[in-house]
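Thanks for coming, everyone. Please have a look at the structure on the screen, and then we'll walk through it.

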Amino acid sequence: MSNSSPDVAIIGAGITGAAAAYRLSQLGVLADVYEIDSNVGGRMARFQFGGAVFDHGAQFFTTRGNEFRTLVEAAEADGAVEVWTHGFGEAPDGYERWRGVPDMTALAAWLLHKSEAVLHVESPVTDLGRLSTSGIILTPPIPVSVSLAQDSGLEPPPDLMGRLEAVQYKRTIAVLLVLHSPPAGMPPGGGIQLLDDHDLAFITDNCEKGVSSVPAVTIHLSNNASLALWDQSDEAVIDFAIEKTRSWVEGLDVADHSITRWRYAGPAEVLAESSASWGKEPSLVIAGEAFNGPKVEGAFNSGIDAANRVAEDVR
């Protein structure tokens, strides 16, 4: 790995930032990646407590386009991902749902490992002007990225700012339960997706999924329920989640619990372009799942596009 100063700083080590780092490496552009958390992956997240491990953000991803599928197949060959299930419910649709191995952070970690980027975890960036780079890629949720740019005196131009400020996000509350014993009634694979339920969106048995050796269940409330309960106490939210989950799963003998509020769980609507850029010296690009289609593949495509954009300005 080169000791030269990086050409590009990437803010965020989720799938968008990791894809951008991977693409910049292919283009011969040096990059540093700054991540505020101790783990990579962003909302493809893991959490550990009470001896259990949880996938507590995105539970799976799909592959639709050829570029992303080729990339995922390479990651599969290296043992970083695998097919989790071919659908949920009594009549699976046969379409592949992928998971990270050992957990959902693994794809971002694999991309960063394959890149030439230098990763800085637990390294929040509060002033973009202090970065000695020719280009900056912003990958946090749009409100977070815009606020950082404004605080750094690098605000997007008015027309772009207006479109960015119009992006709205859904909220999701994740309730994490460590159990004394495995739950009963979960399907093979350990995932229940509830597309039309008013209260719940997803239930995951992390043992059955292969994430945890200790019985552990992740419960995602629906967007509507998450919004309604957002300001309620943790105890009230946990009691609500357990009560609703018992309609689907038996044997919730809870030993410990935790809660995560995902304020920016996903965009309500997405922008048409794959990323957006402004400025020179530094050149800034904003990217993420709110561009080019939601979900993991959209975030990946946005990172690739952001890398292509910024590379044109720094090479």
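What should the 12 residues of α2 span, and how far apart are its end C-alpha atoms? At 1.5 Å a residue, α2 should span 16 Å, and its end C-alpha atoms are 16 Å apart, which agrees. The expected span here is 1.5 Å times one less than the number of residues in the helix.

Some ground rules before we go on. This is a predicted model, in which local features need pLDDT of at least 70 and side-chain atom pairs count only at pLDDT 80 or more, while totals for chains, interfaces and linings use all residues. Residues are numbered from 1 along each chain as its sequence is written, and side-chain values use heavy atoms, with hydrogens and water left out. Helices (H or I, at least four residues) and strands (E, at least two) are DSSP runs, numbered from the N terminus.

Stay with α2. Its buried residues are Phe68, Leu71, Val72 and Ala75. Buried means under 20% relative accessible area, exposed means over 50%, and partly exposed is in between, with a 1.4 Å probe and protein chains only. Seen down the axis of α2, these buried residues fall within an arc of 100°, so they line one face of the helix. That arc is taken from the directions from the helix axis to the C-beta atoms. Why can such a face form? An α-helix has 3.6 residues a turn, so residues three or four places apart point the same way. On the other side of α2, Asn66, Thr70 and Ala77 are exposed.

What covers the buried residues of α2? The cover includes α1 (15-26), β5, β6 (97-100), α3 (106-114) and α9 (295-314). After α2 comes Gly79, with a positive phi near 80°. Gly79 sits in the loop between α2 (66-77) and β5 (81-85). Its relative accessible area is 39%, so Gly79 is partly exposed.

Now the core. A nonpolar core is a set of buried Ala, Val, Leu, Ile, Met, Phe, Trp, Tyr and Cys residues joined through side-chain atoms within 4.5 Å. The largest one has 42 residues, and Val8, Ile10, Leu24, Phe61, Leu107, Leu111 and Ile137 touch the most other members. At least two residues of this core come from each of β1, α1, β2 (31-34), α2, α3 and α9. Which element gives the largest share? That is α9, with nine residues.

Take Leu107 from that list. Contact means heavy atoms within 4.5 Å. Leaving aside neighbours within four places in sequence, Leu107 is in contact with Ile15, Met44, Phe61, Phe68, Leu71, Ala75 and Val81. Another core lies apart, with 25 residues, among them Leu128, Ile142, Val167 and Phe291.

On to the sheet. Two strands pair if DSSP finds at least two bridges between them. Six strands form an open sheet with mixed pairing, in the order β7-β2-β1-β8-β15-β14. β7 (118-120) and β14 (276-278) stand at the edges with a single partner strand each, so one side of each has no neighbour in the sheet. Inside the order, β1 (residues 8-11) and β8 (residues 135-138) run parallel, joined by four bridges. Ala9 stands opposite Ile136 in β8.

Next, a hairpin. β3 (residues 46-49) and β4 pair in the antiparallel sense over four bridges. Phe49 stands opposite Ala52 in β4. Two residues lie between the strands, and Gly50 in this hairpin takes a positive phi near 60°. In β4 (residues 52-55), Ala52 and Phe54 point one way, Val53 and Asp55 point the other way, and all are buried.

Last, the backbone details. Which peptide bonds are cis? One runs from Val101 to Pro102, with omega near 10°, and Pro102 is in the loop between β6 and α3. Another runs from Glu281 to Pro282, also with omega near 10°. Glu281 is in the loop between β14 and β15, and its phi is positive, near 45°, in a residue other than glycine. With a relative accessible area of 80%, Glu281 is exposed. Glu122, not a glycine either, has a positive phi of about 50°. Glu122 lies in the loop between β7 and β8 and is exposed, at 56% relative accessible area.
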